[in-house]
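My entries follow in the order in which I made them.

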Amino acid sequence: MSPRPVLTPEERDLVLREAHRDSGVTRIPIRTSTPSPRQAVGTSGGGSTRPPSRDDRGDSPSSGSGSGGDRIPPLRSSGLPSPRGTRRRRTVAVIVALVVIVVGLAATKLLSVGGSVLSPEQSILGQLVDLLFRRSELQGEKDNRVNILLVAIGGEGHQGENLADTIILASFRPKDGDVALLSIPRDLYVQLPGTEVFSRINAVHAYGENQRKGQGLPLLRKKISEITGQTVHYVARVDFTAFKRIVDEVGGIEISIPEGFYDYWHRINFPKGTEHMNGDRALAYVRARFIEGPEGGDFKRAARTQQVLLAIRKKVLSAQTAVDLRALVGVLDALRDNVSTNFTLSELKRLADLSRGIPDTNIHTAVLTTGPEGLLVGATEVLGGRPASVLRPKAGLENYGEISELAADIFARAKA
């Protein structure tokens, strides 16, 4: 092996300068020949040699030492990132920018929707602060029973737009992971709160709205609490437009029809079997009531409504829908003008966190009905100057003792 060449300080600095100048491009090895006081530097092994020029040493002379010539200061690392590192940082920056944009759009949508949908008792900005930095506890959570009144109305453009088409008291036991749905028939004959007037319960909401906009839900909430003996902690009202759009935005729902039927009012046929329904079809399915045979009547209609609600829940909580931003934005848009609730953002998140893992076997359903085992009886009353079919408690008009007992023990009865 040939002895390692010995370079003067000037030659060593020159080699370093050439190597630095080639950084970032294809480098050519620099070799030296036999050491000498003034060694020529070539650009390739065996090439011609020449004395180092001023250009080779740089443009800025400095005081030298040793031979007395110009001395180039030792070079320092530039600190520039490698091309691979630069590409990685750019990729990360792009991802972060996209996340910020998506979150910003979602937050903007949430603020826009929240102002018209969520509880008016706290500003939407305050609700966002609670959502991000505080852990909310649901009303009734300490007592292990959270009651939510679910109401569906026709909405703008429908006949009787403020009549309650569906009334369900949903009860949730957080510690046990149980849910119970109790449907109240729309034809239940009741006394309007604060009046001497009697009507079907579906008119209570409309009466409140006619008195003053926004009073329909509080009035119906008060009446449902009186009927069931339960504190109603939360209310949520949806109209037909929101219902259809929610179903469509999650990609439709799967419904198993145990017995086929024909709705004479809407002239729609529902054959037996499993069907994938869009929003229009699902709404027709839950509203069908003019049916001959065992599938007719309001009680079966209430049961179909519960079936569809559970199908929507299943689709909304599915992994595919949970990561579908388009579906999320579509659902939020559907809620903007067509849903009203007293939930805050943090309470909705708490409810979702507590109920996400509840299996279908822990969801129980019940409908107030007539018959030997039912708590209601049919009757005829004059409404609007004409005879009308209504339902009364078996115990007597405005006597809700038996219904309250059912509501109080609904979880125990469901498991009996």
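Entry 1, terms and source. I count a polar contact as a pair of N or O atoms within 3.5 Å; within protein, one must be able to donate a hydrogen and the other to accept it, and residues adjacent in sequence count only if both atoms are side-chain atoms. The model is predicted, so I note that local features need pLDDT of at least 70 and side-chain atom pairs count only at pLDDT 80 or more, while totals for chains, interfaces and linings use all residues. Residues are numbered from 1 along each chain as its sequence is written, and side-chain values use heavy atoms, with hydrogens and water left out.

I looked up which side chain R350 touches through a polar contact, and found that of E141, at 2.6 Å. R350 is found in helix α12 (residues 345-355); helices (H or I, at least four residues) and strands (E, at least two) are DSSP runs, numbered from the N terminus. Is R350 buried or exposed? I take buried as under 20% relative accessible area, exposed as over 50% and partly exposed as in between (1.4 Å probe, protein chains only). R350 has 16% relative accessibility and therefore counts as buried.

I checked residues 178-183 and found six of the six buried, so β3 is largely enclosed by the rest of the structure. D178, A180 and L182 point one way, V179, L181 and S183 the other way. I then looked up its partners; two strands pair if DSSP finds at least two bridges between them. Strand β2 (residues 164-173) pairs with β3 in the antiparallel sense over six bridges. On this side I noted that F172 has V179 as its bridge partner and that I168 stands opposite S183. The β2-β3 hairpin has four residues between the strands, and its G177 takes a positive phi near 70°. Strand β12 (residues 363-367) pairs with β3 in the parallel sense over five bridges, with L182 opposite A366.

Nine of the 10 residues of β2 are buried. β2 also pairs with β1, antiparallel, over eight bridges, and A152 stands opposite T166 there. I picked S171 from β2 and found it buried, with a relative accessible area of 2%. Which side chains make polar contacts with that of S171? I found R145 at 3.0 Å and N147 at 2.6 Å. Beyond four places in sequence, the contacts of S171 include V146, D178, A180 and F411.

I define a nonpolar core as a set of buried Ala, Val, Leu, Ile, Met, Phe, Trp, Tyr and Cys residues joined through side-chain atoms within 4.5 Å. The largest has 32 residues, and I201, L220 and I224 have the most contacts inside it. β1 (146-153), β2, β3, α6 (216-228), α13 (401-408) and α14 (410-415) each give two or more residues to this core. The largest share, five residues, comes from α6. Leaving aside neighbours within four places in sequence, I224 is in contact with L149, I167, L169, I184, I201, G229 and V232. A second, separate core of 23 residues includes I246, A284, Y285 and A311.

At the start of α7, a side-chain oxygen of D239 reaches to within 3.2 Å of the backbone nitrogen of T241. Just after α7, G251 takes a positive phi of about 90°.

Entry 7, rings. I pair rings of Phe, Tyr and Trp (its six-membered ring) if their centres lie within 6.5 Å; planes under 30 degrees apart count as stacked, over 60 as edge-to-face and the rest as tilted. How many aromatic pairs does the structure hold? I found seven. Ring pairs link F261, F270 and Y285 into a cluster. A charge sits over a ring if NZ of Lys or CZ of Arg is within 6 Å of the ring centre and within 35 degrees of the ring normal. R304 lies over the face of F261, at 4.7 Å from the ring centre. The charged end of R289 sits over the ring of F290, 5.8 Å from its centre.

How values were computed: Contact means heavy atoms within 4.5 Å.
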